[in-house]
Structure formats: C-alpha cells, structure tokens
Amino acid sequence: MQLGIKVLCAAATLVALPCFLAFTDPGHKAQFVLGGAMINAGYRLQDHHDEYDFHDGHDEHHITPESVWQEMLQQNRMAASVRSTFPRTPRHPLVAMVVCMDARIDTNELTGDTRKYYYVVRTAGSVLSEREMEMLELAVDNGVKVIVLTTHTDCAAERVANSDELRSRYPALSQAVHERGIRIRELLARPAIASRIRDGSLAVKLMDIDTATERLVPK
Ligand SMILES: [Zn+2]
C-alpha cells in the first residue's frame, strides 16, 4: 500500500513538474534563472582546467604565438561544431552596449545572455570614434531602444591617459580617453539620436562597471 502511494506521488511529480515549468509564469522564470545558473556553473566547471586556456603545463616558456594560435583554432573548431548542432537563437537586439576591451569584463556575466538582445561594441577605454558613433546610430535604426555607455573601475586605458610616462608612449589612446566626454556629447547631438531621445523612443545611459563584481553603477 505504502509503495503504491510512493509510486503515485512520483508519477504525479513527473507530470506536475514539466507542466509547472512549461505552462506557468513562475515556471518560465524558473527555467530562465536555471539556464543562467547552468551557464555560470559551466564557467565554474571550466575555469580551473588550465590545460585548455593557453597554458601548456603552466610553463610560460612553452607558450609561443603559434601554440596560442593553434589552441584558439582548436577552441573555435569545438565551439563551431556545437553551434552547428544547436543553431543560434534569432537576434533582435534592443540594447547597444559600449564596453572596454578589458578581458576581466565578460558581457555575458554582466547582463546574462547577450546573444539575442544586445549589440556589444568593445573598444580600449570604452572610447568612441566617428565609426562607433555611426555604428550605434545604425543599431538604433535597426531597433535598439537603449544605448549603454560604460566605463569601468581599474581601467588600464585610463591609467595610461593619467600617467605622464605612459601618455607619451600611447598618445592616441590617451587622447581618446581624455576626449571620451566630448565624443559622448557628439553622439547625443547627432540628429537621429537626439530626435529619438526627445520623442522618448531611445534612452542613453552612462554607467560605470565595478570590475570586481561586474555590477553596473550609474555615473
Ligand atoms: Zn578598461
């Protein structure tokens, strides 16, 4: 009798759980959160496997440009074979983000899955040139509703721009960092951008990223 009740409970759970996940709002949220947690769990599973991250047995002398390049090609072959098995979800970005090229910042960790709703522009020091501004305007033409212009703590490009010694070695980068504010004002003044901000169809946010936690903080 007790066994019968256990079997009935197990059967009810097997039916109820998929129904909960598939047909209820909390179920959908649970799937979304669980997916994010699984991605993070995947990163944590991979992070300590040094043999796959360009370090050949931790011996720096074994690392050559060719070994790094071959490792990268091998990683790409693996990733591309996964992608061909599981095709990409359709893209219709609503956010364009400008982020420094600093390797510590991972936009997937910053905002969750960026494959679908985000254009991501990465430049040294999050600087904008005429090219990036045109690209952002094109992104807005393609449906983007929010532009997020970020800087981040402990930025190497800012360190260069603020150092007398390094500034003379990297003059173009330093100048671009110092002119970042001017370029942002130019972006906001572009007619196609300004008119959309005025009519409420576009928002531009200036945020700082805490590099340690990847939390976005208003500037
Ligand atoms: Zn930086």
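Me: Which residue in S4 is the bridge partner of Leu 149?
Reply: This is a predicted model, in which local features need pLDDT of at least 70, side-chain atom pairs count only at pLDDT 80 or more, and totals for chains, interfaces and linings use all residues. Residues are numbered from 1 along each chain as its sequence is written. Strands (E, at least two residues) and helices (H or I, at least four) are DSSP runs, numbered from the N terminus. In S4, the residue bridged to Leu 149 is Leu 206.

Me: How many bridges join strand S3 to strand S4?
Reply: Two strands pair if DSSP finds at least two bridges between them. Strand S3 covers residues 146–152 and strand S4 covers residues 203–210, and they run parallel. The number of bridges joining them is seven.

Me: What is the order of the strands in the open sheet?
Reply: The sheet has five strands with mixed pairing, and their order is S2-S1-S3-S4-S5.
Strand S2 (118–123) and strand S5 (215–218) each have a single partner strand, so one side of each lacks a neighbour in the sheet; the strands at the edges are thus S2 and S5.

Me: What angle does the direction of helix H5 make with that of S2?
Reply: Axes are lines fitted to C-alpha atoms, for helices over the stretch in contact, and angles run from 0 to 180 degrees between N-to-C directions. Residues are in contact if their C-beta atoms, placed from the backbone, lie within 7 Å. Helix H5 (residues 130–141) packs on the sheet and touches strand S1 (95–100), S2 and S3. Its direction and that of S2 make an angle of about 175°.

Me: Is Glu 158 buried or exposed?
Reply: Glu 158 belongs to helix H6 (residues 156–161). A residue is buried if 20 or more other C-beta atoms, placed from the backbone, lie within 10 Å of its own, exposed if 12 or fewer, and partly exposed in between. Because Glu 158 has 20 C-beta neighbours inside 10 Å, it counts as buried.

Me: Which residues does Glu 158 touch, not counting those up to four places away in sequence?
Reply: Gln 31 lies 127 residues from Glu 158 along the chain, and their C-alpha atoms are separated by 40 Å. With residues up to four places away in sequence left out, Glu 158 touches Gly 125 and Val 177.

Me: How far apart are the C-alpha centres of domain 1 and domain 2?
Reply: Domain bounds come from an automatic or database domain assignment. Domain 1 is 2–85 and domain 2 is 95–218. The separation of their C-alpha centres is 30 Å.

Key:
Two residues are in contact if their C-beta atoms, placed from the backbone, lie within 7 Å.
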